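Q: Could you walk me through this structure? I am new to it and would like to begin with the terms.
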Amino acid sequence: MPAVRDLEQLHAHKRALDARAAASPELSTRLQELRAWQAARLARTYDDLSADARYTRAIEFFLTDLYGPRDFGLRDRQFARAWRYLKHTLPGAALASLEQALELEALSTELDHAMVAVLPAGPLTGAGYASAYRQVGRRDARERQIALVVAIGADLNRIVKHAWIGAALRAAHVP
């Protein structure tokens with residue numbers, strides 16, 4: 001079971017990255033452009049899965065509620081308020097999944113910041129994105145990012161089968 005302190009450190013790290021972006025309108029705008037481009041690319045890449053009823057809602061949720069060009073400040077503030085209750089009520093497996101989700105979010109944000117730092121000026125293109133991706137490197141971080149997505153998906157598939165957790169997620173309109 002993850003330590004509550006680890007979850008709080010991950011959340012604090014993510015808040016610090018968000019504060020850095022909020023302090024720079026240029027960085028914030030470029031991050032939004034990058035995330036919109038990445039979300040569109042992911043939607044095209046996984047179009048076949050989104051046509052499968054089993055995955056449609058999960059992919060839509062990923063692209064609109066977890067990743068993409070939206071401002072997630074409200075969601076993050078709501079999480080911060082709910083955290084004081086969640087840390088005492090969620091079972092260990094749910095806390096472990098939450099830790100993975102926070103790690104994924106912080107890691108993705110770090111990588112997005114690194115990408116924005118090296119992207120060429122002007123409209124984002126496939127060639128510019130690929131060049132920046134190679135320049136940033138961090139293969140280990142990218143592999144961890146993929147592993148987290150897979151692990152979270154598997155965990156959520158398992159966790160939602162618990163009656164009260166599945167009902168709570170459905171009530172929150174989460175796939």
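A: Buried means under 20% relative accessible area, exposed over 50%, and partly exposed in between, using a 1.4 Å probe and protein chains only. By that rule Arg35 is buried, at 13% relative accessibility. This is a predicted model, where local features need pLDDT of at least 70, side-chain atom pairs count only at pLDDT 80 or more, and totals for chains, interfaces and linings use all residues. Residues are numbered from 1 along each chain as its sequence is written, and side-chain values use heavy atoms, with hydrogens and water left out.

Q: Which residue forms a salt bridge with Arg35?
A: Asp112 does, with the closest N and O atoms 3.0 Å apart. A salt bridge is a side-chain nitrogen of Lys or Arg within 4 Å of a carboxyl oxygen of Asp or Glu. Asp112 lies in helix H6 and Arg35 in helix H2, so the pair ties together parts 77 residues apart in sequence. Helices are DSSP runs (H or I, at least four residues), numbered from the N terminus.

Q: Is Asp112 buried or exposed?
A: Asp112 counts as buried, at 2% relative accessibility.

Q: How many salt bridges are there by this rule?
A: The count comes to 7.

Q: Which residues do shared partners join into one network?
A: Lys14, Asp18 and Glu105 are joined. Lys14 pairs with Asp18 at 2.6 Å between the closest N and O atoms, and with Glu105 at 3.3 Å, N to O.

Q: Where do Asp18 and Lys14 lie?
A: Both are in helix H1 (residues 4–22), 4 residues apart, about one turn of the helix. Asp18 is partly exposed, at 26%, whereas Lys14 is buried, at 8%.

Key. Helices (H or I, at least four residues) and strands (E, at least two) are DSSP runs, numbered from the N terminus.
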